[in-house]
Amino acid sequence: MPLPYNPKVLELFRNPKNLGKMEDATVTAVAGNPLCGDMITFYLKINEQDIVEKATFESYGCAANIATSSIVTEMIKGMSLEDAWNISWKSVAEAVGGLPSIKFHCGILAVGALKRAIRKYHKNKNASPEWLKEELSFEEKQALEEEELAKMLARRMEKAGEQ
Amino acid sequence: MVENVKALLRAHAGLEREVYLDIENSSIVPEEVVEAMLPYYDQHAYGNPTLTHKPGWEAFETIMESTQKISNFLGCRTLEEINLTPGETEANNLALIGTAFAMKDKGKKIVISEIEPISVLHVTDMLRKYGFATTKIPVDSEGIINLEKLRNAIDKETILVSVSAVNHEIGTIQPIHEALKIVKDKNPQTIFHTDASDSYAKIPLNVQELKIDLATISSYKILGPRGIGALYVREGVNVERILEGQIGTQKLWPGVENTPLIVGFAKASELAFQRFEENVDCMRRLRDELISGIIGKVSEAKLNGPKGEKRAPDNVNMSFLRCEGEALTIELSLKGVYVSSGSACTRRILQPSHVLVAIGRNYDEAHGSILMKVTRYHKDEDVKYVLEAIPKAVERIRGITGSTGVD
């Protein structure tokens, strides 16, 4: 299958915005697993009004992974956590000008990491706003599934190594 | 989609140099090969070789003479042992399915190595649906097949063994003589196939001396045109056709022969074999300069596959930790260096290279791998350029990775 990345993805790959670790992040969340070749870390600086003041990322993954992570950090800047929570992977895919179908999971993983960060922030604060459902969102579930798959692969490799 | 690709191509404007190293997936066809092919499109031998007119007889003559050349280089007894196919994939399909059809009453067991090319793996997966069972023999950390396990896997129901003489990804040269002897000692009826696409014109390989039953060769891997390959079938070995249609000069592959491609395949073979030692020495030198250059310039870089004499002369396969391979191929492309990766992301199936996993590379190493093949046409300046591009590209991608995934 060809991978005709669009100019927006290429631009974000070449010049990613908000790249790098944030030392004074309010909350940090990771999704994915290096075994799958797909992993994202988000660093969020959140103010007292629950507004995202700044977001940065680091990413181990393909061009689509890097571009979607980078665009998420752009999209949520200045947003309330409630609005950030409502971002769907489809809107992320749209924001990067569309993704090849085989790269949809990159957008899903980026949003999964974001939602994890939002959930973790509230858990740390012992807060449970009404919009934050107990049940995991689609993207969080998908991220978890990918990580489970990675664990399975790791076990299979260990077994192969013993033989 | 095409608009996106046009934009990607525009992003490559103004490249200082371009170095194509992705011979694994397609090759540049040198001008001298293209020139040899051109007259066969409109000046000579453009007819169907089975027909009774001058252009047809010319085509017959041309196909026979080209096939004769290829059969000589491969060490065949007769040119009838060469069965032209549209490529390596088709030749491997013919070898495996054609043998399974021909031998189905003698047994249903097939044995392959864990690191065979996708065409072999997928054909054996498909044959499972028709009652054929496949055993995969493991390899060691250099990719060398476990001969003891091979011996134990062969029994009187084993109809076919397929082991590549040279691995396509990591360049491992297999002890194919020993493997063949082990198989035939255990069951003389077992057909032994090798995908020799990465051996032909790269290592000395004479099918008659080797006494092998079936061997696949491919034109583009020796810098001939795409769309043509061959299956060597030793005289007396029975392989059934897997496609039906009008049979021309090729008894195992129906359809009208593509004379210019056959001429190109023969020409590429001639050029590769004319100065075989010199060509191999040239590739080996460029290969080793790339390997030692990369290891010297990039931290946490590892060579995949064996070193020195045990490695195909053209193959360079390196892993870079914390550096995802698809991102690296794009970054290198933007610098004019064209390579492929064993990363899941570039493999369209979201699983990293089965070859790298089989030799015990962890997933980070497999995802962060790049494969390059050098040719006699590459220059010292190309190697120098690549050795400047790779460290910079790896450094930039590692900068994006940051601390992600580091425990």
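Where in chain B does Leu223(B) lie? Keep that question in mind as you open this predicted model, and select the residue to begin the tour.

**Stop 1: two residues in loops**

Leu223(B) sits in the loop that links strand S7 (214-218) to strand S8 (229-233) of chain B. Its phi is near 70 degrees, a positive value in a residue other than glycine. Is Leu223(B) buried or exposed? It is buried, because 23 other C-beta atoms lie within 10 Å, and 20 or more count as buried.

Now select Glu300(B), in the loop between helix H11 (276-297) and S9 of chain B. Phi is positive here too, near 50 degrees, and again the residue is not glycine. With 13 other C-beta atoms within 10 Å, Glu300(B) is partly exposed.

**Stop 2**

Move along to strand S9 (residues 301-303) of chain B, which pairs with S10(B) in the antiparallel sense over three bridges. Look for Leu303(B): the bridge partner of this residue in S10(B) is Met318(B).

Next, select S10(B) together with strand S13 (residues 369-373) of chain B; these two run antiparallel and are joined by five bridges. Ser319(B) has Ser369(B) as its bridge partner in S13(B).

Show the whole sheet and you will find four strands of chain B in the order S9-S10-S13-S12, an open sheet with antiparallel pairing. S9 and strand S12 (340-341) are at the edges and each has a single partner strand, so one side of each is left without a neighbour in the sheet.

**Stop 3**

Where they meet, 21 residues of domain 1 and 20 residues of domain 2 take part in the contact. On the domain 1 side, H11, S10 and helix H13 (354-358) of chain B each supply at least two residues, and H11(B) gives the largest share, three residues. That side divides into nine nonpolar, nine polar and three charged residues.

**Stop 4: the nonpolar cores**

In soluble globular proteins, nonpolar side chains tend to be buried together. Which residues have the most contacts inside the largest nonpolar core? Select Leu231(B) and Tyr232(B), which hold that place in a core of 85 residues. Both domains of chain B contribute at least three residues each to this core. Beyond its neighbours within four places in sequence, Leu231(B) is in contact with residues including Ala91(B), Leu94(B), Leu214(B) and Leu252(B).

Another core, of 78 residues, lies apart from this one, and among its members are Val27(A), Val52(A), Tyr121(A) and Val374(B).

**Stop 5: where the chains meet**

Finally, show both chains: their contact takes 30 residues from chain A and 28 residues from chain B. On chain A, the elements that each supply at least two residues include helix H1 (7-14), strand S2 (38-46) and helix H6 (138-162). By class, this side of chain A has 20 nonpolar, eight polar and two charged residues.

Terms used:
Residues are numbered from 1 along each chain as its sequence is written. Chains are lettered from A and ligands numbered from 1 in the order in which they are written. This is a predicted model: local features need pLDDT of at least 70, side-chain atom pairs count only at pLDDT 80 or more; totals for chains, interfaces and linings use all residues. Two residues are in contact if their C-beta atoms, placed from the backbone, lie within 7 Å. Ala, Val, Leu, Ile, Met, Phe, Trp, Tyr, Cys and Pro count as nonpolar, Asp, Glu, Lys and Arg as charged, and the others, Gly among them, as polar. A nonpolar core is a set of buried Ala, Val, Leu, Ile, Met, Phe, Trp, Tyr and Cys residues joined through C-beta atoms within 7 Å. A residue is buried if 20 or more other C-beta atoms lie within 10 Å of its own, exposed if 12 or fewer, and partly exposed in between; C-beta atoms are placed from the backbone. Domain bounds come from an automatic or database domain assignment. Two strands pair if DSSP finds at least two bridges between them.
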